[in-house]
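Let us take a friendly walk through the side-chain contacts of this model. The sequence and structure come up next.

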Amino acid sequence: MSRIAQFRFRTMSLALLVAAAGSGYAAEPFDTASAASHDAAAAVAPTAVPPFKHPGLLMTQNRLASIRAAVQSGNASAMKTGFNRLLQDNRGSHTYAHQALATVEVVRAAGGPQEGRWKNDGFAAYLNALRWAVTGDTRNRDKAVQILDAWSAKFTGFTLAPGTDAPQAWLEAAWGLPVWASAAEILRHHDGGAAGWPQASQDRFNSYLNKLYGYANQASARTNNWGVSGALAMMAAGVYQDDANRYNAGLNRIKQLIPGIVYSSGEVQELAARDCHHPQYSLAGIAQAAEMATIQGDTSVWLLKVGNESQPRFSRGLEYMAKSILYGEGVRDCRSFGLYPGYSEIAVNGYMNRGTPIANFQNATKRGRPDGNAAEFIGWSAATHGRDDF
């Protein structure tokens, strides 16, 4: 079956998966009125077509050059401080010991040793690829290639630990796919393919990514942070694979979800019902999706408004979350927590470039600098997107 045919089949299957995926889980609050008002706009949303810009996930060639310049500069900067923290993560070392597995057992809500191995190796591939692009150390390049080649040659799929439902594998794949794809994107496209990653290895990795996609896209049927994660994974696969169908389906799903993730008041879904952490999974996924879309020439995620609102809906959610963290305001007091890593500097950069004020979120970002590892999404946003003009 062709890739396009496979995609259409999976897309049609999403409607059936919504009901199945929701069984056995708590109901997820959703602002249906706002979502309905946005659905009509989403139907005519602009779509990206090839050629995609590469590198084009969270890193562009210019951004990699900016990180290198900051690191080599004798002046202190948010980006340099952030990159120094990134260097402290031993998974980014060329001596990191990876271990590919044929199957990865997923454990619901806890995480098992095989799952931890898979996630750590994905982050190691990304960190080594990024370090090579910034420092030029070919030992980091070689380690990143070794990790991608090992997993793409061996991995066949996920298995489920006793008591773990199948959707948990969807979520894990949705979290992991953008990490693996980001590592491969740097190796494949940085400096015109200077890594010299063989085409046969790239082809094998593409098959590996398709396996992850088969799980990850199913998470997008959810209407909470799972849905955001699944949609982000679809976008990441689409960019890496130059697949406009996958990319556009993920992008439009993100925009469909935003009015239900961030309510008209600015409150972020799951903040009242769960904790200070899970709502930020959604914020992190949306921010990274917005950056990915911006690199491909589309700022609609940052700028999405509902009805006659004067401020973009996502910016309202960022401000609401920041006030909870800074002042304990809103439906939950999060003063003993901080911003989840990996999205704060991306969001500040995105809205400063659009002229949209998010003063409280900027203050929370500065207070939490530099951010480090995020266990689910790519972290270290100060290292990649930090700026010193706020």
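The charged end of arginine 246 sits over the ring of tyrosine 213, at 3.8 Å from the ring centre; a charge counts as over a ring if NZ of Lys or CZ of Arg is within 6 Å of the ring centre and within 35 degrees of the ring normal. This is a predicted model, in which local features need pLDDT of at least 70 and side-chain atom pairs count only at pLDDT 80 or more, while totals for chains, interfaces and linings use all residues. Residues are numbered from 1 along each chain as its sequence is written, and side-chain values use heavy atoms, with hydrogens and water left out.

Arginine 246 is buried, with a relative accessible area of 0% (buried means under 20% relative accessible area, exposed over 50%, partly exposed in between, with a 1.4 Å probe and protein chains only). Another arginine over a ring is arginine 222, which lies over the face of tryptophan 226 at 4.2 Å from the ring centre.

Now for the salt bridges. The structure holds 12 of them, each a side-chain nitrogen of Lys or Arg within 4 Å of a carboxyl oxygen of Asp or Glu.

| aspartate 121 | arginine 117 | 3.0 Å |

Aspartate 121 and arginine 117 are four residues apart in helix H5 (residues 113–135), about one helical turn; helices (H or I, at least four residues) and strands (E, at least two) are DSSP runs, numbered from the N terminus. Aspartate 121 is buried at 0% relative accessibility, whereas arginine 117 is partly exposed at 24%. Aspartate 243 is buried at 6%. Glutamate 309 is buried at 16%, and arginine 313 is buried at 1%.

Arginine 253, in helix H10, is buried with a relative accessible area of 19%. Its side chain reaches the backbone oxygen of serine 220 at 2.7 Å and the backbone oxygen of alanine 221 at 3.4 Å.

What about the aromatic rings? The count comes to 21 aromatic pairs. Rings of Phe, Tyr and Trp (its six-membered ring) pair if their centres lie within 6.5 Å; planes under 30 degrees apart count as stacked, over 60 as edge-to-face and the rest as tilted. Phenylalanine 158 and tyrosine 215 have ring centres 4.9 Å apart and planes at 80°, so this pair is edge-to-face. Phenylalanine 158 is buried at 11%, while tyrosine 215 is partly exposed at 22%. Phenylalanine 314 and tyrosine 351 form a tilted pair, 6.3 Å centre to centre with 40° between the planes. Phenylalanine 314 belongs to helix H13 and tyrosine 351 to helix H14, 37 residues apart. Ring pairs also link a cluster whose members include Trp118, Trp151, Phe158 and Tyr215.

Finally, the structure holds one disulfide, a pair of cysteine sulfur atoms within 2.5 Å. Cysteine 276 and cysteine 334 form it, with their sulfur atoms 2.0 Å apart. The torsion about their S-S bond is about -95°, so the disulfide is left-handed. Cysteine 276 lies in the loop between helix H10 (244–261) and helix H11 (278–295), and cysteine 334 in the loop between helix H13 (313–327) and helix H14 (344–352). Both cysteine 276 and cysteine 334 are buried.

Technical notes: A polar contact is a pair of N or O atoms within 3.5 Å; within protein, one must be able to donate a hydrogen and the other to accept it, and residues adjacent in sequence count only if both atoms are side-chain atoms.
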